[in-house]
Amino acid sequence: MPVIALLAAVVAVSVEQLVQWKYGPMGIIGLLLLTVGVKAKNPTCSSIGAVVLALMMTGPAI
């Protein structure tokens with residue numbers, strides 16, 4: 001069980017660093033909102049986080 005928790009922590013930190021490197025601070029804010037919303041079972045917070053991440057990934061429409 002501790003090995004699974006350690007692997008999950010390593011994956012979480014790796015994903016966070018990748019998002020920060022590629023999308024900057026707004027990507028981290030979106031990821032944080034999405035994570036907090038899912039853990040707190042708050043659909044508004046998770047939806048805002050998902051929208052921020054989607055906008056960061058798609059880039060400007062123009």
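**View A. By class, the lining of the largest pocket consists of seven nonpolar, one polar and two charged residues.** In this predicted model, local features need pLDDT of at least 70 and side-chain atom pairs count only at pLDDT 80 or more, while totals for chains, interfaces and linings use all residues. Residues are numbered from 1 along each chain as its sequence is written, and side-chain values use heavy atoms, without hydrogens or water. The pocket (an open set of 1 Å grid points where a 1.4 Å probe fits, with protein on both sides within 12 Å along at least five of seven lines) has lining residues with an atom within 4 Å of a point. These are Ala12, Val13, Val15, Glu16, Ile28, Leu31, Leu32, Thr35, Val36 and Lys39.

**View B. The axes of helix 1 (residues 2-39) and helix 2 (residues 43-58) come within 7 Å and cross at roughly 150°.** The two helices (DSSP runs of H or I, at least four residues) are therefore roughly antiparallel to each other, a term for angles over 145 degrees. Among the residues making the contact (heavy atoms within 4.5 Å) are Tyr23, Gly27, Gly30 and Leu34 of helix 1, together with Cys45, Gly49, Leu53 and Met56 of helix 2. By class, the residues of this contact divide into 14 nonpolar, five polar and no charged.

**View C. Leucine 31 is found in helix 1 and also belongs to the lining of the largest pocket.** Leaving aside neighbours within four places in sequence, leucine 31 is in contact with Val15, Glu16, Val19 and Leu53. Its C-alpha atom is separated by 11 Å from that of cysteine 45, 14 residues apart along the chain.

Key:
Nonpolar A, V, L, I, M, F, W, Y, C, P; charged D, E, K, R; others polar. Axes fitted to C-alpha atoms, helices over the stretch in contact; angles between N-to-C directions. Parallel < 35°, antiparallel > 145°, perpendicular 65-115°, else oblique.
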